[in-house]
Amino acid sequence: MRIAMISEHASPLAVFGEEKAGGQSTHVAELASAMAGAGHDVRVYARRDSPTLPHAVDTPDGYQVCHVPAGPARRLPEDDPLPYLGEFGSWLADTWRHGGWAPDVAHAHFWTSGLATVHASRRTGVPTVLTYHALGTVERRHRRVRDTSPPRRLGYERALGRAVDRVVVQCSDEVAELVRMGVPRSRMALVPPGVNEAVFRPDGPAAPRDPARPRILTVGRMVDRKGFLDVVRALPAVPDAECVVVGGPPAHLLPADTFARRLSALAESCGVADRVRLLGGVPREEMGTWYRSADVLVAAPWYEPFGLTPLEGMACGVPVIGTNVGGIADSVVDGLTGDLVPPRDPRALGTALRRLLGDNVRRFTYATAALDRIRSRYSWKRCAEQLSAVYGALAGTARRSPAVA
Ligand code: UDP
């Protein structure tokens with residue numbers, strides 16, 4: 001099949017570059033690579049956000065990235081490209097009509113890409129698939145006044161759920177949210193993402209550590225909702241353990257980071273400052289060494305569209321204590337591959353930590369079951385197979401138009 005993936009603000013090329021790739025860039029890069037590896041002809045469309053970007057780039061993973069000239073050739077905040085999405089969609093439609101390559105199916109990532117893709121599809125008949133990645137309604141509920149999305153996002157997301165041919169959802173929690181938004185269940189296909197088992201594996205080097213001191217690892221951006229403050233508040237329950245926090249700006253910029261300062265001040269006031277180590281952001285290739293050095297990974301977000309870090313920890317053979325939210329509620333099976341605790345509940349987290357760190361056999365059985373779960377349910381190969389079936393069912397259904405006939 002000829003597959004177009006539209007990821008307007010998150011180019012998969014970020015994973016080949018110096019700068020840290022966000023979750024969506026990594027997702028699109030892994031998916032495009034898995035689909036190309038399965039023999040499909042894949043093109044990813046991202047907005048041209050720098051004047052130095054070439055028109056198209058062939059990646060070493062066998063797919064092409066095309067840069068769409070819509071709007072200014074500079075970075076825009078995630079929710080700001082709204083005025084340029086029509087231009088983006090028209091460019092796609094023209095290119096698919098006259099550029100000698102038209103897709104059998106177009107898969108949009110995030111609501112902004114969804115709008116551009118539906119616009120192109122109306123003019124070409126190409127069937128469309130959408131993955132939301134994050135939902136405006138959930139962000140509004142949790143972030144309230146701090147939500148920076150345009151007010152129209154919620155209405156667009158609701159309309160997109162009916163305008164596209166299929167919505168690919170990543171976890172059961174997202175299914176429930178979409179049903180509440182009025183998206184028909186019959187339009188959804190639940191296809192969980194994968195984890196790169198070449199990067200995240202149980203064997204391989206581990207970061208140095210003190211063998212006498214249990215290590216708790218927690219990973220993510222330095223923002224409230226990732227729950228780092230709750231992890232620090234739980235530490236008094238495990239007096240001999242150290243806590244390594246990976247993520248945020250690089251180490252040398254941490255002292256200037258407002259959230260990192262809040263975290264350090266809280267650790268001080270909880271009397272655990274000597275046991276909390278803020279590492280700052282580390283390159284993706286080094287993440288495996290940190291997971292493998294840990295006795296337990298804590299993923300304690302207040303909400304999470306999916307949550308890749310528990311998958312990565314599980315793939316590295318580390319038991320996970322996660323909050324019962326988003327994709328974590330699917331990936332961590334409570335009492336079998338890890339423990340689930342309520343979000344924003346340091347007491348429950350402390351109790352779970354004390355129990356797990358004090359029980360070597362439980363940690364070992366969780367880690368073994370977690371690896372099994374990753375291999376059977378969360379490989380990109382499996383994800384590509386499931387998506388091929390979704391795409392294949394749509395590929396023959398293009399509304400007849402001279403462009404795609
Ligand atoms: N990550 C990284 N370096 C860091 C911290 C995180 O490469 O210092 C990666 C991590 O391995 C994961 C991603 O960033 O792949 C975070 O994804 P997640 O879904 O947990 O959260 P998001 O940032 O997308 O909200």
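The domain contact and its surroundings

Author: The centres of domain 1 and domain 2, taken over C-alpha atoms, are 29 Å apart. Domain 1 covers 2-194 + 380-395, and domain 2 covers 215-377. These bounds come from an automatic or database domain assignment. The model is predicted: local features need pLDDT of at least 70, side-chain atom pairs count only at pLDDT 80 or more, and totals for chains, interfaces and linings use all residues. Residue numbers start from 1 along each chain as its sequence is written.

The contact between the domains takes 13 residues from domain 1 and 14 residues from domain 2. Residues are in contact if their C-beta atoms, placed from the backbone, lie within 7 Å. On the domain 1 side, H4 and helix H6 (172-180) each supply at least two residues. Helices (H or I, at least four residues) and strands (E, at least two) are DSSP runs, numbered from the N terminus. By class, the domain 1 side has six nonpolar, five polar and two charged residues. Ala, Val, Leu, Ile, Met, Phe, Trp, Tyr, Cys and Pro count as nonpolar, Asp, Glu, Lys and Arg as charged, and the others, Gly among them, as polar.

The ligand comes next. Its shell draws at least three residues from domain 1 and at least three from domain 2. There are 18 residues around the ligand, and Gly23, Gly247, Gly281, Arg284 and Leu308 come nearest. A residue is near a molecule or strand if its C-beta atom, placed from the backbone, lies within 6 Å of it. Helix H1 (23-37), helix H9 (284-292) and helix H10 (308-315) are the elements that give two or more residues to this shell. H10 gives the largest share, three residues. The shell holds six nonpolar, eight polar and four charged residues.

Now go back to H4. Helix H4 (residues 136-143) and helix H5 (residues 153-163) have axes that come within 9 Å and cross at roughly 150 degrees. H4 is therefore roughly antiparallel to H5. Axes are lines fitted to C-alpha atoms, for helices over the stretch in contact, and angles run from 0 to 180 degrees between N-to-C directions. Under 35 degrees counts as roughly parallel, over 145 as roughly antiparallel, 65 to 115 as roughly perpendicular and the rest as oblique. From H4, Gly136, Thr137 and Arg140 meet Arg153, Leu154 and Glu157 of H5. This contact has one nonpolar, two polar and three charged residues.

H1 has a helix partner too. The axes of H1 and helix H14 (residues 380-395) come within 9 Å, crossing at roughly 70 degrees. Glu30, Leu31, Ala34 and Met35 of H1 meet Trp380, Lys381, Cys383 and Ala384 of H14. Six nonpolar and two charged residues make up this contact, with no polar ones.

Strands pair if DSSP finds at least two bridges between them. Strand E6 (residues 128-131) and strand E7 (residues 166-169) run parallel and are joined by two bridges. Val129 has Arg166 in E7 as its bridge partner.

Five bridges link strand E9 (residues 215-219) with strand E10 (residues 242-246), in the parallel sense. Ile216 has Cys243 in E10 as its bridge partner.

Conventions. Two residues are in contact if their C-beta atoms, placed from the backbone, lie within 7 Å.
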